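Subject: Handover of a structure and notes on its contents

Dear colleague,

I am passing the structure below to you. Please look through it first and then read the notes that come after it.

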Amino acid sequence: MTKISWSKNGFIAYTDVKSPFMLCMSYLECLDGRRWQMAPPIMIDVGASINQFHTNALSNNKVNGRSVSGLQIQKVTWNGTGTDLAIADSLGNISIFIAGVELTNSPNSSTPSFAMTLLTNMEIIYYDEQGVSQVNSLKWLNLNKPIIANVPAVKVETTNDTTVSSGCAARQGAFVEDANWNAYSYGVHQYKPYGTSHPLGAKHALFVVRDHGDITLYYQGEHGLAYYRCSAVLPECSYVNCSSIGFTRDGDIIVAVYSKLERTIQVYRCTIDWGYLIDAAEQQKRNPSYTTPGEVKQSKLPSLSLELLQVEPVLEIDESGRLQTLKHMSIVSPNYNSNTELDFLIGYESTTNDDEEVSTKIYRYQMANDQKIHILSAFLKIGESDKQFQDSLPRDYSIGLKQVATYKGSILNIEFYNSDLFVVLTFTNGEIKVVNRINFKELLSPEQLVVDGAIKFPSTALMLNDAGFQFPKLDMEKDDIIETSFSPNLTSLVSLNRNTNQLHFYNMKRKLDCSLKGFMFITCVAMAFRYSYSCFTNTSCEDLFCCIHEEVARIAPHCDVDKLNLGIIQETHRSINFNIDFGREHVDKLLGSPPLQRLLSLQFSLSLYHGWKSSKSAAIANVILNIRTVGFALMYATRSMVMYANKVSKRGTMFATEDSKFQAESVVSCLGPIKWFMDFCVALTQQFIELDSQLKLNKSTSGDEFVAVPIVLGKIPRYFMMYCVSYIRRLYDFTKQSIEKIEPNATLYKIENNILELSQVKPFTKPLLEVFYSLKSILEESPVSLEAIDKFLNHVDEELKTEYYTRFGTGETRSLGTEQSLVFSGEIPSIFLNSPSILEMLNNKYSQFLCDNLSDTYFYDTEWLRLEFVKKQLQNPSGPTVHCRTDLTRTEQTLENNHSIPNDNSRVDDLRKLVFPYEVNVKKCTRCCSVSQLHEPISFGVSPVSIWLMAFQRSCICGGYWVHRNGPSASE
């Protein structure tokens, strides 16, 4: 059963059990900074999409065009990237939708084109009309890309001389005492692609088995989104009642089928001849635009070949002589872990003679590649490093029984998660068991975790189960559950109700007493590991945030939850091994660093209070995320302009109007971020004015109420600010030089009454000149000049290096602890407050460089930046932390995290930092509820060229995904 599929991007597709050929899609969204809900489902009319597909040019296969009315969706499954969704209906037809694109021209165009958009937007790109037999099983092939995965965290014992340098168990960590001289070490490795995959790394393929023994491979071509197909028939197979698909490490597809009629299990090996795609993959390594000639393509189309490996009778009688019935058959493919092999899990149900109690036995068979048995290990190692040698060896497989596991009760689903490392068993009585696929043992239970009234830290940690969390027992009868699906992070699950068509959301929960010794430390370790897993695998982590917030709400009356949040952030930095040992020349690499963005996003999300109120930690994280975005925008816009100017120069023609418009659009995209940055610098100066007043009254003031202090003292935000100043100058100078090359005096015009007289300017210069004067006015109208900011930051940086950091020495441990103290909680290390105080130094530098326009600066309006924060956590409102059910009739809406502008229906675009009319085409973030315009505004009649905005087309700067503000249907 695959009526529900949860993508790695966090979007849950499921069948509408009431309406034929309707698909539902939901996701987790934050309501007010602390509370979450399953969003009302987006309804996708699959039937209407297929009817449209019959008439448009995307259809590359011949279809009969039969009516799809009355057909029911049977199975849905997302691919490995969470972008392509395969749908099988009740007649065996396959349709493939792609998320995050929209058709940009007429459906009847001969060359349809797509544009990137929100992941809630779905477009059909393939339909295969069969109408012969239903789909029994389907599975996406692996991705032909290197795999980055973290290894289990390993417990290490520490001493006073061997303490760890980072994390919550470090000397300056939040829970150094709770760790009791223990810590965990983390690691991450990159692995080669494994299993069966499309030869081209960016392309996908789907393998399907139908009831009548037909197998089909749907694959993408060398370019574009379109899918194609090749098929074959399983030999000696009359009918398929149950089937499963797996991939060997060598690239073969293994298909196991069960036939009630023949009472046998048949195992097949399917080999794919990828034809012209093999050569295309090699050619594209040298020339990405290479296209295989048509005649070569037709002569080397992909094909399938089949071999029957083994036929085994069904075990109708168990070892005790009881009758048993085959209920489940699943294949677990080997993964990047060299200790894994291809496993068959055959589940039989039987009843005892005494009380008719149902029990389930899972027979675990393992397939071995016999070529590895006959080769000495030394030669095997050579063979594994020499693909050509390895491929030349005969692949003969043997299948043997590995073990038998017995469980009480009947199993509803057997599913595999986290690169098939874990097997999840869902029982019909609502119980859920998570099993390690390597040894087939259940994960830790809370009873095993507590010994003598304290937490016994496990030797390795990789799941929330290692901190005492468990999936709740489901009420299968009350909720009338027909199927379940688990989140990619394996921290939550959803169930589908048979009658109401509602999804019900469940977090992992625990009942452990938070006063237990070691409780806080193991919590931080487990949460940090799961978050680092989502970071390395690029997986959505909204489900993990839900779990953390719900646990925080549970223990809030008894524990310091702000300290727990700090501990999780500290341990996550350790698990990701984020390094701050970088210089100013490497800031551009740090701007595009996914780990930094993920870590700041974690800090921001965990530190928010109800009503989107920020703690100091959240305010700091939000500021750094925004400064990072400004620097990112300036870097890409400036480089784009330079590259385009070089292109025009090589073209050997004069600068034309279209060229001016193109360059002008790049500058326009940065005006909002530059305005934000200049106003932010004014806001910092305003805080330094307040700090100056406090120091005059009390020299021992701590400056805790100011965000400006940790932002300027912190190495990362300070370097980001210095980078922004540098690139604002570059953008200004390059724009000015580009104009002066054509019209030398044009940049000397004066603006009177906010109107620029352009009548005497050459037409093709006007677009670039307009944006130049807009940029110039932003810089000139700011009461704090760019030059003053530059001098202030550079002198502070020099003073810190020469005077204050020498107190700590040059050790990485101390500098990391200092940086984390400033950025995580905004606290200044006590040694920095000794005479001479670092606050006095900041005040002196402020007085020296930022005091030119004190009156204008003090009264300058910076409220729209929202830098304020609250010092204490607000009282929890009544109601649950997570609203569990999807419901179209629910009236509760997300509380938008955005201040309106005084002129009625306008808002601040949280991405572009511009004011825009609050109309229909607005997107909001699922995590922080910021808002932005759905489509990039065009200023000069040419297509927008803002490369930096493309990076945030689908996701917010906080890491959450954009969705339509009012939750429209996907076809809108």
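The notes below describe what was found in this structure.

The model is predicted, so local features are reported only at pLDDT of at least 70 and side-chain atom pairs only at pLDDT 80 or more, while totals for chains, interfaces and linings use all residues. Residues are numbered from 1 along each chain as its sequence is written, and side-chain values rest on heavy atoms, with hydrogens and water left out.

Overall composition

The protein has 22 helices and 44 strands. Helices (H or I, at least four residues) and strands (E, at least two) are DSSP runs, numbered from the N terminus. Of the 972 residues in the protein, 58% are buried. Buried stands for under 20% relative accessible area, exposed for over 50%, and partly exposed for the range in between (1.4 Å probe, protein chains only). A contact is counted when heavy atoms lie within 4.5 Å. Among contacts between residues at least 6 apart in sequence, 70% join residues at least 24 apart.

The nonpolar core

A nonpolar core is a set of buried Ala, Val, Leu, Ile, Met, Phe, Trp, Tyr and Cys residues joined through side-chain atoms within 4.5 Å. The largest one here has 197 residues, and those with the most contacts inside it are I674, F677, F680 and I711. Helix α14 (residues 657-697) supplies the largest share of this core, 18 residues. If neighbours within four places in sequence are left aside, F680 is in contact with V623, I627, I711, M721, L865 and L867.

Salt bridges

Side chains of opposite charge can pair when their charged atoms come close. A salt bridge is taken here as a side-chain nitrogen of Lys or Arg within 4 Å of a carboxyl oxygen of Asp or Glu. By this rule, the count is 30 salt bridges.

One of them joins the side chains of R437 and D343, at 3.6 Å from N to O. R437 lies in the loop between β29 (432-436) and β30 (441-442) and D343 in strand β24 (residues 342-351), so the pair ties together parts that are 94 residues apart in sequence. Both R437 and D343 are buried.

Another salt bridge is formed by the side chains of R927 and E542, at 2.8 Å from N to O. This pair links distant parts of the chain, with R927 in the loop between β42 (922-925) and β43 (931-933) and E542 in helix α9 (residues 542-555), 385 residues apart. R927 and E542 are both buried.

K845 and E799 also meet through their side chains, at 3.8 Å from N to O. K845 belongs to helix α20 (residues 838-849) and E799 to helix α18 (residues 786-804), and the two are 46 residues apart. K845 is buried because its relative accessible area is 12%, whereas E799, at 26%, is partly exposed.

Two packed helices are described by the angle between their axes and the distance between the axes. The axes of helix α8 (residues 519-536) and helix α12 (residues 594-606) come within 10 Å and cross at roughly 140°. Axes are lines fitted to C-alpha atoms, for helices over the stretch in contact, and angles run from 0 to 180 degrees between N-to-C directions. The angle therefore makes α8 oblique to α12; angles under 35 degrees count as roughly parallel, over 145 as roughly antiparallel, 65 to 115 as roughly perpendicular and the rest as oblique. Y531, S534 and C535 in α8 meet P595, R598, S601 and L602 in α12.

N843 is found in helix α20 and counts as buried at 11% relative accessibility. Its C-alpha atom is separated by 6.2 Å from that of D692, 151 residues apart along the chain. Leaving aside neighbours within four places in sequence, N843 is in contact with F688, D692 and L695.

Backbone angles

Most residues other than glycine have a negative phi. N418 has a positive phi of about 55° although it is not a glycine. N418 sits in the loop between β27 (411-417) and β28 (422-427) and is buried at 6% relative accessibility. F440 likewise has a positive phi, near 55°. F440 lies in the loop between β29 and β30 and is buried, with a relative accessible area of 8%.
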